Amino acid sequence: MQFSKWHGLGNDYLLVERAELAFPLTPARVQRICDYHFGVGSDGIVEVVSTNGDSADCVIWNPDGSTAELSGNGTRIAARWLARRDGLERARIRVGPREVVATMREGKLVETEMGLVEVGDSEPLQVDGQEYEMVPVAVGNPHAVIRHAPDRDEFLRLGPAVENHERFPNRTNVQFVRIDGAHDVTATVWERGAGETLSSGTSAVAVASAAVRHGWCESPVTVHLQGGDLLVELDENFHARLTGPAEEICSVALSEEFEL
């Protein structure tokens, strides 16, 4: 059973076609496969359910066995995999009801049309007795953008606290933001179902959208993440375009003995 391992700025995914699986993926199996000590190790799995011409339907698995409504890095990886396999310049990746249109650019770069972003008003969020200003953003999946630059200990405490806050009954992705200039922000990301991550495409879109909507920045916005930079462009209606790399690392053969 063959997986390929990819990453987008250090956010690594295993990609597999459902037809190639010896057994169906389940939350328990995904947890074990993604474990860096007892499995292959990854920040998630892109399961390609089917392909048809220039399009593919995918399921994005988080390492805790849950599934994501959307993934910027995951869809970019799936698009580049499909485009390389079939010699395409453009690919359409569907995750549930959301479709991302991707165009292959120079080198490893992939430009993706991420669709409409919904940015809420800033609101206070009480966490462990302290109040933070938080902007809720929907990029097909939920985000909480907080304009605050915590130190590492505070980040590791606040990340899971906000992810599981009662304000978000289905949990949320969390971004802590520092504004560096009119077109530059630095963000650290606590990803729902994964924890600390070096990069997140939908998080970059959420951060840039919140920054533009609330006057912190102007489009285009370069989002500086721990793993590198992603470029986000927004039109006047907050349709987002995300550009960043997708790169294959290796192929991984998983023994059928691995089945739970």
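Visitor: What makes Phe155, Phe176 and Trp190 worth a stop on this tour?

Guide: In this predicted model, Phe155, Phe176 and Trp190 form one aromatic cluster. The structure holds 2 aromatic pairs.

Visitor: How do you know whether phenylalanine 155 and phenylalanine 176 are buried or exposed?

Guide: Buried means under 20% relative accessible area. Phenylalanine 155 has 4%, so it is buried. Phenylalanine 176 has 3%, so phenylalanine 176 is buried too.

Visitor: And what makes phenylalanine 155 and tryptophan 190 a pair, and of which kind?

Guide: Ring centres must lie within 6.5 Å to pair. Those of phenylalanine 155 and tryptophan 190 are 6.0 Å apart with planes at 70°, so this pair is edge-to-face. It links distant parts of the chain, helix H3 and strand E14, with the two residues 35 apart. Tryptophan 190 is buried, as is phenylalanine 155.

Visitor: Stepping back, how do you know what radius of gyration to expect for the chain?

Guide: A compact globule of 260 residues would have a radius of gyration near 18 Å; the chain has 18 Å, so the two agree. Of the 260 residues, 52% count as buried.

Methods: Residues are numbered from 1 along each chain as its sequence is written. This is a predicted model: local features need pLDDT of at least 70, side-chain atom pairs count only at pLDDT 80 or more; totals for chains, interfaces and linings use all residues. Side-chain values use heavy atoms; hydrogens and water are left out. Rings of Phe, Tyr and Trp (its six-membered ring) pair if their centres lie within 6.5 Å; planes under 30 degrees apart count as stacked, over 60 as edge-to-face and the rest as tilted. Buried means under 20% relative accessible area, exposed over 50%, partly exposed in between (1.4 Å probe, protein chains only). Helices (H or I, at least four residues) and strands (E, at least two) are DSSP runs, numbered from the N terminus. The radius of gyration is taken over C-alpha atoms; the globule rule is 2.2 Å times the number of residues to the power 0.38.
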